[in-house]
Amino acid sequence: MARPLLGLLLVLVACFALLPDTIGGNNEAFNLTENVIQNQIAIKQILEEQTGIGEGIKSLLRKINALSQLFSTKIAADERCTQGGEHKDNVTHYLLREVKDAIRGQTDIQQQQWNKIQELEGKLQKYEEIRQQQQMRIQQHEDSLKEKEDTIRVLEDNLRQTEEAAAGQYRKLEVNLTKLLSEMDHLAQYNEEVTKMNTQLRDNNTLLKNLSSACQHSVTESTNISSARDCTDIQLEGETQSGVYQIFPESSAAGVSVLCKMQEDHMWTVFLARRRHTPQENFARNWQDYKTGFGDPRGEYWLGNDNLHTLTSGDQSYRLRVVATNLRGEQRSADWETFSVGDETSGYPVTVKGYSISSTLGDALAGDDWVVMDGMSFSTVDMDHDTASWGLYRGVYSKATCTNCDFPSVH
């Protein structure tokens, strides 16, 4: 009977020897510092192994209990059958006590293992809570990331729409710029045309002014041809101030400038003026110069023999006045009631008569001891027609001592 019990004990000891080290309290294998996922996997594996071991132990305990009951029954039967086998019973009781002690030891170990399993389950629960929290955080991060992705998509859509709108605006700007450049070219051409037109307008205005001036001059000439033959006509037209005017004797269709002097309410036509100032006119001229006239009526000048003949040979009679100022500044004058000049064929003979007794200059032309000029022809340096050796007007010019001589003038 001892051999079967010994074999059973060896089987139990072998079974307990085959238990994994984790049941024996080697829980250092748990590495709780790993991340949550690895811990969960490891804990699940341990739980699965512990569950399998626990089921094996429970099955073994049931078998041991059955064997214990069988041994108890066997022992009771043996005690009734024999009383001389005390020694065997003692061995059997010893083996049973050893087996019960072993079973109680394994039960304690199992309880410790279950306690460790419960502790691990608590840790697993904590890790599960941590995992859930982390999962919630991950979910929050994922939700936030999704929101950000949605925002990014919206921004990308807005950006794409903005880029499309900007591209459209850019194309419009290019079209407008092209139109603007074309319009600027047209404006530049228009400005050039306007500049040319302005130039033409200025030229036309200048031409119009010239034409207007010419027309006015023509009107004036036409008016003067019909009316202003001398300074008396200038006075009849309303002029009362001494000055240079344009007269139109029959001998000059274009008109001639003449000095008009207002004295004693009469406008006198000055046909000879000599003054002591610079520059002085050269009066030592030939026949042709004296025929047409020379000089400037604003200074020194000679009206011309043809003009004198035309003025004094008509139906209107003229008086002659000579005004002179000597070197002491004394001014004197002499008047003659009749004055005229003949034509060139006869040598421009002069007629001068009727010396006024109120004159203060003396009768140097008709009654002076120098020469009697009435009826004498005109003489120049290249053509001598007078009876005196020094010539009619040449003698008067050379011997005159006046500083201002309106000599002579007719009215």
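Trainee: How many disulfides does the structure hold?

Mentor: The structure holds one disulfide. A disulfide is a covalent bond between the sulfur atoms of two cysteines; here the term is used for a pair of cysteine sulfur atoms within 2.5 Å. Before we go on, please note that this is a predicted model, where local features need pLDDT of at least 70, side-chain atom pairs count only at pLDDT 80 or more, and totals for chains, interfaces and linings use all residues. Residues are numbered from 1 along each chain as its sequence is written, and side-chain values use heavy atoms, with hydrogens and water left out.

Trainee: Which residues form the disulfide, and how far apart are their sulfur atoms?

Mentor: Cys-231 pairs with Cys-260, and their sulfur atoms are 1.9 Å apart. Cys-231 lies in helix α4 (residues 231-236) and Cys-260 in strand β2 (residues 256-263), so the link ties together parts that are 29 residues apart in sequence. Helices (H or I, at least four residues) and strands (E, at least two) are DSSP runs, numbered from the N terminus. The angle about the S-S bond is -75°, and the link of Cys-231 and Cys-260 is left-handed.

Trainee: Are Cys-231 and Cys-260 buried or exposed?

Mentor: Both Cys-231 and Cys-260 are buried. Buried means under 20% relative accessible area, exposed over 50%, and partly exposed in between (1.4 Å probe, protein chains only).

Trainee: Which residues have the most contacts inside the largest nonpolar core?

Mentor: A nonpolar core is a set of buried Ala, Val, Leu, Ile, Met, Phe, Trp, Tyr and Cys residues joined through side-chain atoms within 4.5 Å. The largest one has 34 residues, and those with the most contacts inside it are Val-258, Phe-271, Tyr-301, Trp-302, Leu-303 and Phe-339. A second, separate core of five residues includes Leu-60, Leu-61, Ile-64 and Ile-103.

Trainee: How many salt bridges does a search of the whole structure find?

Mentor: The search finds 13. A salt bridge is a side-chain nitrogen of Lys or Arg within 4 Å of a carboxyl oxygen of Asp or Glu. Take Arg-131 and Glu-128, whose closest N and O atoms are 2.2 Å apart. They sit three residues apart in helix α3 (residues 86-226), separated by about one helical turn. Another case is Arg-328 with Glu-330, at 3.3 Å. Shared partners also join Glu-264, Arg-321 and Asp-335 into one network of salt bridges.

Trainee: Where is Glu-264 placed?

Mentor: Glu-264 is in the loop between β2 and β3 (266-270). Glu-264 has a positive phi of about 55° although it is not a glycine, and at 60% relative accessibility it counts as exposed.
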